Amino acid sequence: MQHILIVEDDLDIQELLKNFLREAGYTVTLAGDGIEAISFFSSMHFDLILLDIMLPKIDGFTVCELIRRQSRVPIIMLTALNGEEEQIRGLDLQVDDYITKPFSMPILVRKIGAVLRRSSMIPEQEHQTIRHKNLILDMDSYTAVVNGVSFALTQREFDILRELLLNQGRVLTRQNLLDKLWKYDFYGDERVVDTHIKNLRKKLGIDFIQTIRGVGYKIDKEN
């Protein structure tokens, strides 16, 4: 049974999440503050972490940063902070999804299932690398190497970059990417793609992801 760590200081939300996720077949551990979360993470195995941002003692951003120094465990942030700045900060810290409160429990359960499926199932034929200019995309480790420097990518960043590289010379619309990567697990604004592209450019320092105004994105074929 897959094990989920819920990091949430609101006892009512804790109870709600615990009951829904147990009914969905998951094992659940509860942490009420950031220090407790790090303690549990250091002593137990988890398949996914639901992480609130506004926590006592140390906040969710700091918890995420500490976990990412040693693990690629999937992290979904739950927060009432819905501004672009907070979402970009979460993406910079390599969270796998970002859900704002209030949220639908059935949708959350489906998003958890989607993130777990993506994190645990990499097709065998994709265990390889893609090279483009000064970039090497490692299909096995979910990392990108630019000019010899390795960068860890979130699941979604990796998927978007892979699709663009596999379709060099072709314009991929936002809807193309949503249909291919989010499928039925997407419930929101298609501009979420723009946020991930912006984050990729900033993180990797690359300039070859082209914006096709009003349409989408592409990477030109290398000569």
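In the predicted model, glutamate 163 counts as buried, because its relative accessibility of 10% falls under the 20% limit. The side chain of glutamate 163 meets that of arginine 162 in a salt bridge, with an N to O distance of 3.4 Å, and arginine 162 is likewise buried, its relative accessible area being 9%.

The structure holds eleven salt bridges, among them one between the side chains of aspartate 52 and lysine 101, at 3.3 Å from N to O. This pair links distant parts of the chain, 49 residues apart, since aspartate 52 lies in strand S3 (residues 48-52) whereas lysine 101 lies in the loop between strand S5 (97-100) and helix H5 (105-120). Aspartate 52, at 3% relative accessibility, counts as buried, while lysine 101, with a relative accessible area of 24%, is partly exposed. A further salt bridge is formed by lysine 111 and aspartate 97, whose closest N and O atoms are 3.5 Å apart; here too distant parts of the chain are linked, with lysine 111 in helix H5 and aspartate 97 in strand S5, 14 residues apart. Lysine 111 counts as buried at 12% relative accessibility, and aspartate 97 is buried with a relative accessible area of 14%.

Helix H7 and helix H8 (residues 192-204) pack with their axes 10 Å apart and at an angle of about 90 degrees, and the two helices are therefore roughly perpendicular to each other. In this packing, Arg174, Leu177, Leu178 and Trp182 of H7 meet Val192, Val193, Asp194 and His196 of H8. Classified by residue type, the contact of H7 with H8 comprises five nonpolar, one polar and two charged residues.

Asparagine 176 is also found in helix H7, which spans residues 174-182, and it counts as partly exposed at 30% relative accessibility. When its neighbours within four places in sequence are left aside, asparagine 176 is in contact with Arg170 and Val171. The C-alpha atom of asparagine 176 is separated by 9.9 Å from that of glutamate 163, which lies 13 residues away along the chain.

Strand pairing is represented by S8 (residues 143-146) and S9 (residues 149-152), which pair in the antiparallel sense over four bridges. Within this pairing, threonine 143 has alanine 152 in S9 as its bridge partner. The two strands, S8 and S9, form a hairpin with two residues between them, and asparagine 147 in the turn has a positive phi of about 50 degrees.

Notes:
Residues numbered from 1 in each chain as written. Predicted model: local features only at pLDDT ≥ 70, side-chain atom pairs only at ≥ 80, totals over all residues. Heavy atoms only, no water. Buried < 20%, exposed > 50% of the residue type's maximum accessible area, 1.4 Å probe, protein only. Contact = heavy atoms within 4.5 Å. Pairing = 2+ DSSP bridges. Axes fitted to C-alpha atoms, helices over the stretch in contact; angles between N-to-C directions. Parallel < 35°, antiparallel > 145°, perpendicular 65-115°, else oblique. Nonpolar A, V, L, I, M, F, W, Y, C, P; charged D, E, K, R; others polar. Salt bridge = Lys/Arg side-chain N within 4 Å of Asp/Glu carboxyl O.
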